[in-house]
Amino acid sequence: MFKLILNEIIVRMTETNTSITLSNLLISLTLAFILGWILSFVYIKTNKNQVIKQGFLFILVIQPVIVTIIILFVGDSVARAFSLAGAFSIIRFTGTMTDTRKLTYILFTLAIGLAIGTGHLFYAIVITIIICVFLIIFDLLMLIQPTRRQ
């Protein structure tokens, strides 16, 4: 049973299938949640000296899942994509993003969700690992020069 599930996950990760099946949906949502959780863990580790709000960590974990769901249901439909863009243009954000580091993490969650939603699971994993390593290295380099850190 476990071997069958593992084989299904490996097949799903290497093919670019965006058809919505129950197994595809569960694998995609689980992977989006795990990658979002990894990203939030990196955010915590690279922002030790700052106050970290739980709401922001929640966004880092859940936003890739939400974007994955949206992309899975939009699929290849141009009409649905334009409808979605119109619906999102109505939404107003109540606060402004002043921290560019937070904005970088938010954009990264969108990239994770888009990659998984379009069926590129393997690339989502590889990109998450590479970008997280870059973020950690950047944080370590900034620690070497603490006078320039903002």
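**Stop 1: a surface patch**

Select Ile 129, Ile 130, Val 133, Phe 134, Ile 137 and Leu 141: together these residues make a nonpolar surface patch with about 550 Å² of accessible area. The model is a predicted one.

Val 133 belongs to helix 6, which covers residues 121-144. Is Val 133 buried or exposed, or in between? Its relative accessibility is 40%, so Val 133 is classed as partly exposed, given that this class lies between the under 20% of buried and the over 50% of exposed.

**Stop 2: a position in helix 5**

Select residues 100-117, which are helix 5, and pick out Thr 109 within them. Thr 109 has a relative accessible area of 0% and is therefore buried. Which residues is Thr 109 in contact with, once its neighbours within four places in sequence are left aside? Show Leu 39, Leu 60, Gln 63 and Pro 64: these are the contacts of Thr 109.

**Stop 3: the whole chain**

Clear the selection and colour by secondary structure. The chain contains six helices and zero strands, and its pattern along the sequence reads α-α-α-α-α-α.

Switch to a surface display. Of its 150 residues, 31% count as buried.

Among contacts in the chain with a separation of 6 or more, 71% are between residues 24 or more positions apart.

Note on methods. Residues are numbered from 1 along each chain as its sequence is written. This is a predicted model: local features need pLDDT of at least 70, side-chain atom pairs count only at pLDDT 80 or more; totals for chains, interfaces and linings use all residues. Side-chain values use heavy atoms; hydrogens and water are left out. Patches are made of residues with over 30% relative accessible area and no salt bridge: like charges are joined within 9 Å, nonpolar side chains (Val, Leu, Ile, Met, Phe, Trp, Tyr) within 5 Å. Accessible areas come from the Shrake-Rupley method with a 1.4 Å probe; for residues, only the protein chains shown count as cover. A salt bridge is a side-chain nitrogen of Lys or Arg within 4 Å of a carboxyl oxygen of Asp or Glu. Helices (H or I, at least four residues) and strands (E, at least two) are DSSP runs, numbered from the N terminus. Buried means under 20% relative accessible area, exposed over 50%, partly exposed in between (1.4 Å probe, protein chains only). Contact means heavy atoms within 4.5 Å.
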